[in-house]
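Open the model in your viewer and keep the sequence panel beside it. Each stop below gives a selection and then what is there.

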Amino acid sequence: MSIMLLILLQFVLVSCAPPRCDPGFRGQCKPTVEEKPKCTDVLLSYCDDMPYTQTMFPNIIGHKSREEAEAGAEYLLISVVESLLGGECNPEIRMLGCSVLAPRCEKEKVLKPCRSTCEAVHKKCSHAFEGIEMAWPYFLDCDRFFVSDEEGCYDPLEGLKADQDLEPFDSMEMLPPEESATSMQFTYHSNAQMISTLKKTEEQCSDIARTYSIGRSMEGRELLVIEFSNNPGQHELLEPEMKYIGNMHGNEVMGRQVLIYLAQYLCSEYLLGNERIQTLINTTRIHILPSMNPDGYEVAVSGIQDNNYGDDEEGHHYDTWNIGRNNAQNIDLNRNFPDLTSIAYNRRKQKGHRTDHIPIPDYYWFGKVAPETYAVMKWIRSIPFVLSANFHGGDLVVSYPYDLSKHPLERNMLSPAPDDQVFKFLARAYANTHETMSNENAQCGPSRAHSQKGIINGAQWSSFAGGMQDFNYLHTNCFEVTVELGCDKFPPEEELSLGWHQNHEALLTFMEAAHLGIKGIVKDKEGNGIKGARISVQRIRHDITTGESGEYWRLLIPGIYIVSASAPGYTRAMKKVYLPPGMHTAGRVDFVLPKAAQEPDMQEEDSTIPSLDSYDRFDPYNQFERYTLMADLSHNREERAEKPWWWSYFVLPGGPAPTWLLKHY
């Protein structure tokens with residue numbers, strides 16, 4: 001039975017099979033003829049300005065027809081890349097993409113674009129994609145879809161370069177490259193645009209500029225610093241280092257914008273041969289952090305946009321006054337630093353008390369430490385900063401330490417630091433060169449009652465603990481002031497240009513103040529630098545300490561001083577120093593310390609002071625590491641769930657999700 005079923009099945013299969021091709025019967029079967037791909041006109045509308053007119057399908061990434069290419073996320077990307085990247089790298093990215101999607105065809109053969117061109121565009125434009133947190137597009141992979149000169153490649157930007165060569169002749173008003181690359185846009189920069197601008201400035205001034213990250217915000221945004229120096233990335237002996245920090249409160253935005261413009265200005269003016277800027281950069285290492293609170297800024301921008309739908313201007317100001325002030329954990333970053341001022345006040349009754357290099361108390365680490373605060377503290381401790389300013393909004397004044405009142409029951413009480421005269425000098429240096437700050441008629445905000453020509457003691461104005469400027473002064477050698485840039489925390493865009501011009505001269509003058517006072521090296525008899533030696537000034541109870549090579553900087557105003565250098569195991573050395581008015585560079589005062597037994601008075605003084613080991617114990621229980629580990633895990637989970645703002649534009653109905661666009665996929 002089974003044999004009969006098998007025979008029947010074979011018969012059915014044979015009868016159902018298609019007829020074999022028989023030459024004796026015309027038309028019974030037609031031989032398949034594969035058409036060879038031919039050159040065809042370039043019909044992709046966003047590729048119509050390529051330096052050739054013929055292409056071929058399948059293209060280099062496998063699209064079989066023009067219709068298939070037009071329906072892909074790749075073509076969609078090059079069609080919107082100009083608006084996506086804010087006009088940057090256009091038309092280079094678009095033309096590079098066209099050379100892959102609609103490759104050049106000659107003599108019925110596809111030519112591949114040059115790898116060298118792709119690599120040049122990648123170097124120039126990769127940061128623009130990073131700025132919007134998008135991966136470099138896979139179809140612009142220089143190693144996969146581009147070839148070398150030896151393999152017969154062509155330059156897809158050939159026509160573009162020819163046009164650029166002609167432009168200077170066509171338009172005599174065209175800006176030179178160094179100006180156009182760092183031209184200021186007086187509009188608010190998103191976080192992506194800010195990072196892109198800083199990276200572009202670094203690229204334009206690579207000999208004197210460098211960007212680096214000091215960490216990330218709670219929501220994972222980069223805290224990016226741009227540095228200016230004639231040797232970027234290196235500390236130079238006896239060259240002072242200073243820093244500017246903006247946008248500590250996310251809704252106080254003028255400082256953020258002004259610091260972006262300052263970075264562009266330093267770059268362009270250095271290239272144009274401005275002697276003042278060249279001298280400043282060649283003799284000072286300058287660090288600029290435009291935004292310490294990028295998460296808060298995003299919230300503030302959203303709040304402003306939401307309130308723009310209302311017509312009540314007074315209500316708008318009230319509603320947005322504090323939107324975005326704090327970080328993503330709702331922490332006020334300018335109340336989140338260790339309160340060392342209270343410790344300094346409590347020490348006052350101790351003999352030989354010090355107001356410098358006060359260690360961070362262990363209990364601080366068991367509180368809520370914001371990642372932004374932690375990043376800035378590590379940064380401050382890792383670089384020998386001499387001078388600093390942080391920028392705020394809501395008033396028009398420069399405030400200086402202390403920020404915390406010396407009397408717990410008197411909130412607005414004058415509470416001067418030991419270096420009160422130096423701080424007043426620094427504050428006046430900024431206020432007097434600002435266009436309006438020292439003018440009493442221009443004063444606004446709550447500081448008006450106590451400020452003197454644009455400067456004020458912080459505690460006399462508004463006492464609070466855990467501020468950044470007190471932390472700088474009491475924990476390190478750095479002197480910091482707080483600059484309030486205007487009573488409108490988030491002014492309209494049309495005021496950005498005015499804000500830059502009002503602050504431009506003050507920013508430069510303050511940076512030059514890093515060269516006030518004295519500097520030098522403390523050595524032993526053999527010529528070796530002594531690290532951690534103390535530089536003391538008679539009648540100023542605040543010492544500074546020497547760095548790795550025994551070098552120091554001590555900010556002082558003009559006058560006569562008795563300055564001494566001391567270190568455990570060495571004999572104290574003392575010198576009389578005269579600083580005349582009008583000095584533009586720090587006076588050089590070196591010390592040589594002979595070895596000796598520890599001095600009795602020094603031993604007695606040190607017995608009331610925590611040891612250097614205590615100072616070096618930064619986060620001794622790794623509390624912050626555990627905390628950030630949990631935050632990172634939480635952030636990674638959110639990152640997988642949430643897509644960037646541009647994601648929905650590229651998800652086509654019925655098509656595969658273009659996950660190649662995701663940077664962290």
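Start with the lining of the largest cavity: by class, three residues are nonpolar, four polar and three charged. Here Ala, Val, Leu, Ile, Met, Phe, Trp, Tyr, Cys and Pro count as nonpolar, Asp, Glu, Lys and Arg as charged, and the others, Gly among them, as polar. This is a predicted model, where local features need pLDDT of at least 70, side-chain atom pairs count only at pLDDT 80 or more, and totals for chains, interfaces and linings use all residues. Residues are numbered from 1 along each chain as its sequence is written, and side-chain values use heavy atoms, with hydrogens and water left out.

**Stop one: the cavity**

Select E252, V253, M254, G255, H392, G393, L485, G486, D488 and K489, which line the largest cavity. A cavity is a set of points on a 1 Å grid over the protein atoms alone where a 1.4 Å probe fits but cannot get out; lining residues have an atom within 4 Å of a point. The volume is about 30 Å³. One cavity of 30 Å³ or more is counted. Now colour helix 10 (254–271) and strand 12 (479–486): each supplies at least two lining residues. Helices (H or I, at least four residues) and strands (E, at least two) are DSSP runs, numbered from the N terminus.

**Stop two: N293**

Go to the loop between strand 8 (285–289) and helix 12 (294–307), where N293 sits. Is N293 buried or exposed? N293 is buried, at a relative accessible area of 0%. Buried means under 20% relative accessible area, exposed over 50%, with a 1.4 Å probe and protein chains only. Show its contacts (heavy atoms within 4.5 Å). Beyond neighbours within four places in sequence, they include N247, H249, R325 and L333. The N293 side chain also reaches the backbone oxygen of M248 at 3.4 Å.

**Stop three: the disulfides**

Show the cysteines. There are six disulfides, each a pair of cysteine sulfur atoms within 2.5 Å.

- Select C47 and C98, with sulfur atoms 2.0 Å apart. C47 lies in the loop between strand 1 (40–41) and strand 2 (54–55) and C98 in helix 4 (residues 92–101), so the link ties parts 51 residues apart in sequence. Both are buried.
- Move to C89 and C125, joined at 2.1 Å from S to S. The link is left-handed, with -105 degrees about the S-S bond. Both cysteines are buried.
- Finish at C118 and C142, a disulfide with sulfur atoms 2.1 Å apart. C118 is in helix 5 and C142 in helix 6 (residues 142–145), so this pair ties parts 24 residues apart in sequence.

Notes:
On a 1 Å grid over the protein atoms alone, a cavity is a set of points where a 1.4 Å probe fits but cannot get out, and a pocket is an open set with protein on both sides within 12 Å along at least five of seven lines; lining residues have an atom within 4 Å of a point. Grid points are joined across faces, edges and corners, and a volume is the space filled by probe spheres set on the points. A polar contact is a pair of N or O atoms within 3.5 Å; within protein, one must be able to donate a hydrogen and the other to accept it, and residues adjacent in sequence count only if both atoms are side-chain atoms.
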